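Please read this briefing with the structure in view.

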Amino acid sequence: MPIVMADIPFEIVPLLDQYKVAEQSIQTLIGPISHGLCLECGGNCCQEAICRESIQSPFLNVLIQMQNLAYNDSYGWLADSGCRLRYGRPQVCYSYFCQEVMDKQPDLSQRIDGVIRAFTASGDHALGGSHLISVENLDELSLHKISKIIDKMNQVFHMIASTQSHPPA
Ligand code: SF4
Ligand code: SF4
């Protein structure tokens with residue numbers, strides 16, 4: 001479903017849509033190496049202080065508003081079944097895997113790490129030196145910059161597809 005929200009600049013709607021799909025695709029990619037382990041350990045590396053970064057980011061906040069979830073001041077987005085956010089998670093949530101997860105499929109972990117780095121880098125310098133996630137006023141994003149981020153996100157989709165179609169032996 002495309003994002004429709006009245007209070008955001010319409011120019012960023014395609015970017016929000018694409019970001020959301022990229023995030024969910026990355027979760028699908030990560031699933032085989034982390035899901036069982038992370039559920040088993042109960043999200044030990046999740047912390048409310050990390051969750052809070054998502055509501056402090058105007059861009060992520062738009063994505064979060066679409067999910068109609070209540071933030072818990074003690075546990076953030078963490079529930080017994082794992083993270084409640086389907087998208088709009090702080091990017092650091094995708095950047096860290098404990099050794100146990102890394103050891104499960106080292107080759108695949110390395111390739112996923114490359115995808116996540118590209119995903120994170122796609123928002124670099126969205127406004128001056130600010131990363132997309134840190135931009136305070138989304139109205140200030142230029143069309144040119146939005147289109148450049150979308151281009152970089154398309155490259156991330158290619159990397160995801162290639163990782164999915166060429167799993168390590
Ligand atoms: S990455 Fe490791 S420590 Fe973090 S939730 Fe998953 S299994 Fe637990
Ligand atoms: S946003 Fe989700 S994945 Fe990230 S720390 Fe919070 S509960 Fe964990």
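Two residues are in contact if their C-beta atoms, placed from the backbone, lie within 7 Å. This is a predicted model, in which local features need pLDDT of at least 70, side-chain atom pairs count only at pLDDT 80 or more, and totals for chains, interfaces and linings use all residues. Residues are numbered from 1 along each chain as its sequence is written, while chains are lettered from A and ligands numbered from 1 in the order in which they are written. Helices (H or I, at least four residues) and strands (E, at least two) are DSSP runs, numbered from the N terminus.

**Helix α6**

- The 16 residues of α6 should span 22 Å at 1.5 Å a residue, and the end C-alpha atoms of α6 are 22 Å apart, which agrees. The expected span of a helix is 1.5 Å times one less than its number of residues.
- A residue is buried if 20 or more other C-beta atoms lie within 10 Å of its own, exposed if 12 or fewer, and partly exposed in between, with C-beta atoms placed from the backbone.
- Ile112, Val115, Ile116 and Phe119 are the buried residues named in α6. They cover an arc of only 100° around the axis, so they are on the same side of α6. The arc is that of the directions from the helix axis to the C-beta atoms.
- An α-helix has 3.6 residues a turn, so residues three or four places apart point the same way.
- The face of α6 turned away from its buried side carries Pro106, Asp107, Gln110 and Gly114, which are exposed.
- The packing partners of the buried residues of α6 are α1, α4 (92-95) and α7.

**The largest nonpolar core**

- A nonpolar core is a set of buried Ala, Val, Leu, Ile, Met, Phe, Trp, Tyr and Cys residues joined through C-beta atoms within 7 Å.
- The largest nonpolar core has 30 residues, and Ile26 and Val115 have the most contacts inside it. Two or more residues of this core come from each of α1, α3 (58-65), α6 and α7. With six residues, α1 gives the most to this core.
- Apart from neighbours within four places in sequence, Ile26 is in contact with Tyr94, Val115, Ile116, Phe119 and Ile160.

**The ligand shells**

- A residue is near a molecule or strand if its C-beta atom, placed from the backbone, lies within 6 Å of it.
- The residues around ligand 1 include Ser34, Cys38, Cys41, Cys45, Cys98 and Glu100. Helix α1 (13-41) supplies the largest share of this shell, four residues.
- The shell around ligand 1 has seven nonpolar, three polar and one charged residues. Here Ala, Val, Leu, Ile, Met, Phe, Trp, Tyr, Cys and Pro count as nonpolar, Asp, Glu, Lys and Arg as charged, and the others, Gly among them, as polar.
- Around ligand 2 there are 13 residues, of which Cys46, Cys51, Leu78, Cys83 and Cys93 come nearest. Helix α2 (residues 48-56) gives the largest share of this shell, three residues.
- By class, nine residues around ligand 2 are nonpolar, three are polar and one is charged.

**Two loop residues**

- Leu132 lies in the loop between α6 (106-121) and α7 (143-165). Leu132 is buried because 25 other C-beta atoms lie within 10 Å.
- Not counting residues up to four places away in sequence, Leu132 touches Phe59, Gly123, Ala126 and Ile149.
- Tyr87 is in the loop between β2 (82-83) and α4. Tyr87 is partly exposed because 19 other C-beta atoms lie within 10 Å.
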